[in-house]
Amino acid sequence: MTESQLTVRPATPEDVAALVRRAHHEAITVVSGGHGPWSRDASDGVRIELTELAEIRIDGTTVHIGGGATWGAVAAALSEKGLAISSGDTSTVGVGGLTLGGGVGWMVRAWGLAVDQLIGAQVVTASGEIVETSATENADLFWALRGGGGNFGIVTRFDFEAHPIEGIVYGEYAIGGDAAAVVRAARDVMLTAPRELTVTYMDVPAMDPSAPAGARLAAVWAGADVEALKATLAPIAAFEGVSETVTTPAYRDILLEMPVPEAGDEAPGPPGFLGGNGLFAELDDELIDRLVAFRTKYPASVVFLRSLGGAYGDVSQEETAFPARSATWFVMAGGFDIPGLVDEHTRAAILADWRQIESGRLAEYGNFADTERPDAVPGMFTPAAHDRLRTVKSKWDPQNLFRRNHNIAP
């Protein structure tokens, strides 16, 4: 962080509004949770950290969450009430950033995106006004918040409708044999699987205890039916070289613990990532083969897949700003640009292979796009949604005060 940037941690929405009014035309960076490129490297303007706005208030199944809360704290509070929200996978990720970008989580097939459970929000606008939004109040702004990112204001409170849940079943399937065959089988299983089930495939190098090296399929069943999960994924467990482990953790315990750098931490950041992500209509055999070959070809690489469909696809394309409701899989793949280990030839080869993989995607998921690429922003939305978002931006932030994001120009 440079001396040219002012960092503040407001205690109330009124404090946030006062900061916005004083910012004039300086860029505003909003941080809630510590993830994402703007959390790490914003170096000018005003940096507003919403850490103090982290209250979680539960009223029946309605949950009011401060804009600075993290999902781990939310999951812990909800678990005590027998409730859950389809959120991210990481306890330290901020409710704000994940929700405004859509929010693909462990229960995405059961309950949809995080934004699909959002029923209202309190927003500080570019004029420094505090407004309420919902489907019936400032409805244009509410629509834009659900997938349009932090372009339209600072959300100081999120209102969600949570779901009663009896338990969670977690299955892990370590893959010691033919990964491509297992992924094809998982693809076929998920075509008719109950929507309570969401699966993720990961193949990673050794990184930390939460992500051991090798290929594995992880599955979450939104409910307490252990036998239902095991029966649905029996074709996976039957593969030679696959080992099955099934547990029944608390909802809060399925979120990974990931370290967040402290303010002023001089430790080196993560290596560059050469690749990207996409929302795909289907996971066909050619795409599966490309992904498995990519991981084999580049030792310092990662492949990550998550099943969609179910409740995710129940929401009409026009209802939220989030793209590609017809997608059935989320795909991420890339290599780590490690100085001294990745030369220019390898770097070019990784990017060329990724371009082949991404060529069939419907859209890019902005929450997993970790750099500022203004030319890529239209590809994070449908053309109609992007046009509509620009109109909403022109109304609520005509001077583009909120531009430290995947920016939608007014």
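Two strands are taken to pair if DSSP finds at least two bridges between them. Strands (E, at least two residues) and helices (H or I, at least four) are DSSP runs, numbered from the N terminus. The model is a predicted one: local features need pLDDT of at least 70, side-chain atom pairs count only at pLDDT 80 or more, and totals for chains, interfaces and linings use all residues. Residues are numbered from 1 along each chain as its sequence is written, and side-chain values use heavy atoms, with hydrogens and water left out.

The chain holds 13 helices and 17 strands. Its C-alpha atoms fill a box of roughly 65 × 55 × 40 Å, taken along the principal axes. The radius of gyration, taken over C-alpha atoms, is compared with a globule rule of 2.2 Å times the number of residues to the power 0.38. For 410 residues, a compact globule would have a radius near 22 Å; the chain has 21 Å, which agrees. Buried means under 20% relative accessible area, exposed means over 50%, and partly exposed lies in between (1.4 Å probe, protein chains only). Buried residues make up 54% of the 410 residues. Contact means heavy atoms within 4.5 Å. Among contacts between residues at least 6 apart in sequence, 73% join residues at least 24 apart.

Seven strands form an open sheet in the order 14-11-13-12-16-17-15. The pairing is antiparallel. Strand 14 (242-247) and strand 15 (272-280) are the edges, each pairing on one side only. From one strand to the next, the twist averages 15°. Within this sheet, strand 12 (residues 197-204) and strand 16 (residues 301-307) are joined by four bridges in the antiparallel sense. Y201 has L305 of strand 16 as its bridge partner.

Two helices lie across strands of this sheet. Axes are lines fitted to C-alpha atoms, for helices over the stretch in contact, and angles run from 0 to 180 degrees between N-to-C directions. Helix 7 (residues 179-190) lies across strand 11 (168-175), strand 12, strand 13 (214-222), strand 14, strand 16 and strand 17 (329-337). Its angle to strand 12 is about 165°. Helix 10 (residues 285-297) lies across strand 12, strand 15, strand 16 and strand 17. Helix 10 runs at about 150° to strand 16.

Charged pairs were examined next. Side chains of opposite charge can pair when their charged atoms come close. A salt bridge is a side-chain nitrogen of Lys or Arg within 4 Å of a carboxyl oxygen of Asp or Glu. The structure holds 21 salt bridges. One of them joins D89 and R306, at 2.9 Å from N to O. D89 lies in the loop between strand 6 and helix 4 and R306 in strand 16, so the pair ties together parts that are 217 residues apart in sequence. D89 counts as buried, at 17% relative accessibility. R306 is also buried, at 1%. The two side chains make a polar contact (2.9 Å). A polar contact is a pair of N or O atoms within 3.5 Å; within protein, one must be able to donate a hydrogen and the other to accept it, and residues adjacent in sequence count only if both atoms are side-chain atoms. The loop that carries D89 runs between strand 6 (83-84) and helix 4 (95-100). Leaving aside neighbours within four places in sequence, D89 is in contact with V104, G105, W106, I254, L255, L256, F304 and R306.

Other charged pairs are found elsewhere in the chain. E49 forms a salt bridge with R47, the closest N and O atoms being 2.7 Å apart. Both E49 and R47 are buried. E364 and R361 meet in a salt bridge at 3.8 Å, N to O. E364 is buried at 3% relative accessibility, whereas R361 is partly exposed at 24%. Salt bridges that share partners join E358, R361, E364 and R373 into one network.

Helix 3 and helix 1 complete the account. In helix 3 (residues 71-79), W71, V74, A75, A77, L78 and S79 are buried. Their cover includes strand 4 (56-59), strand 5 (62-66), strand 6, helix 4 and strand 9 (154-161). R21 lies in helix 1 (residues 13-23). At 49% relative accessibility, R21 counts as partly exposed. Leaving aside neighbours within four places in sequence, R21 is in contact with S127 and G128. R21 and F294 are 273 residues apart in sequence and 49 Å apart in space, C-alpha to C-alpha.
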